[in-house]
Amino acid sequence: MPREGPAEADETFMGLACRLAARGRGHTRPNPMVGAVLVRQGRVFGTGYHRRPGAPHAEVIAIEGAKEDTRGATLYVNLEPCSHHGRTPPCVDRILSAGIRRVVVGTRDTNPLVSGRGIAALRRKGVLVTCGVLEEKCRRLNEAFFKYMETNKPFVTLKAALSLDGKIASSSGRSQWISCAASRKKVHRLRSRVDAILVGIGTVLKDDPRLTARGVRGGRNPCRVVMDSRLQIPASARVLRAEAETLLATTDKAPKGKIKEMERRGIQVEVFRPDRSGRVPLGRLLRRLAGRGIQHLLLEGGSGIYTTALKAKEVDKLLLFVAPLLLGGRDAPTLFDGPGFASPKRGIPLYDLRWRRSDRDLMLEAYCSGPQSGRAGKRPAAGGRI
């Protein structure tokens, strides 16, 4: 283990804090994932991570579970300690009472309730604070939380299964199953970790999906959102079953009687003024979802919504399961449909491309924008560590 102090040691211990934080994935919402590590002279003697809203924060767990006196020690935490009262007292107060000499922070918390106040409070009391260690890694860990806090919109992950020649369905419209069983299992795990899934009415009419997280131990079903500008959804659609929350996004062109019928069944309906194409305006829908506390949205199709979201630059991340299969068909739907761009220079650049095997498929992950440093934004309707 490297000696405490040099940049290499700081990165090593911050990496450990990030790995601890990730143990809370899918369970901490609306809170971010946070891990904490207590170190003295290169030795770790206390660790903790946030498990669920209302439970003690990572810093408090590490301090109270420490195997020796915490006075004079260094605390590593991937996110700035909170300085406000929520369901739990401020972490800053507990850090100060523990006599910790130095705090190493991965990245500043852009939640307006914190936003540098935790760091400032520690420094005022003489604690040495180092900020920005493995910052990009720390921001990626809580990418949905940061997007939500800084833009008042959900982080949007576009998930699709496609053939090697880019088709998301055959020429007859059939898509079950392009991806293999292992890939579909990963998708169910991902569903259990997001706040909502968005599909278009075309997907509902064609596939009649349930859009639930099945076979995931301890998982939860996300809210199911259907864009349906004229409320064509059949009353028997499986996505309307009570096994998970459902929200229908429609326009004022929808029959008022059907809106009332859906609301009597306990289905939430959001009505929008249509955009120029007569559809639900995606940007306004995303802001309304953020107002409901939705931080991470999974876009599951079909081609029309994929294309609209990509052209509007509303997609943050791509997760593609590419099958070793050629489907062909001039009219078979693709991931990004429509007339496309006139030249490669005008195409959508992707960043931080990564891939790994998913049984027989390739799982590709890429971002639609490069890494960004933290910046405070308007305070969302909900969120922050509680």
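Predicted model: local features only at pLDDT ≥ 70, side-chain atom pairs only at ≥ 80, totals over all residues.

I then looked up the reason for Cys138. Its sulfur lies 3.7 Å from the closest cysteine sulfur, that of Cys18. A disulfide needs two cysteine sulfur atoms within 2.5 Å, so the sulfur of Cys138 is too far from that of Cys18 for a bond.

I also checked the exposure of two cysteines. Cys138 is buried, at a relative accessible area of 1%. Cys223 is likewise buried, with a value of 6%.

Next I traced the sheet. I found an open sheet of 9 strands with mixed pairing, and I noted the order as β10-β9-β8-β7-β11-β6-β12-β14-β13. At its edges are β10 (268-272) and β13 (351-358), each of which pairs on one side only. From one strand to the next, the twist averages 20°.

I examined one pair within this order. Strands β6 (residues 155-163) and β12 (residues 317-323) run parallel and are joined by 7 bridges. In this pair I located Ala161 opposite Phe321 of β12.

Finally, I looked up two helices that contact the sheet strands. Helix α6 (residues 143-151) lies across β6, β11 (296-301), β12 and β14 (361-367); I recorded its direction at about 130° to β6. Helix α10 (residues 282-291) packs on the sheet and touches β6, β7 (196-200), β8 (223-227), β9 (246-251), β10 and β11. The direction of α10 makes about 140° with that of β10.

How values were computed: Residues numbered from 1 in each chain as written. Heavy atoms only, no water. Buried < 20%, exposed > 50% of the residue type's maximum accessible area, 1.4 Å probe, protein only. Pairing = 2+ DSSP bridges. Helix = DSSP H or I, 4+ residues; strand = E, 2+ residues; numbered from the N terminus. Axes fitted to C-alpha atoms, helices over the stretch in contact; angles between N-to-C directions. Contact = heavy atoms within 4.5 Å.
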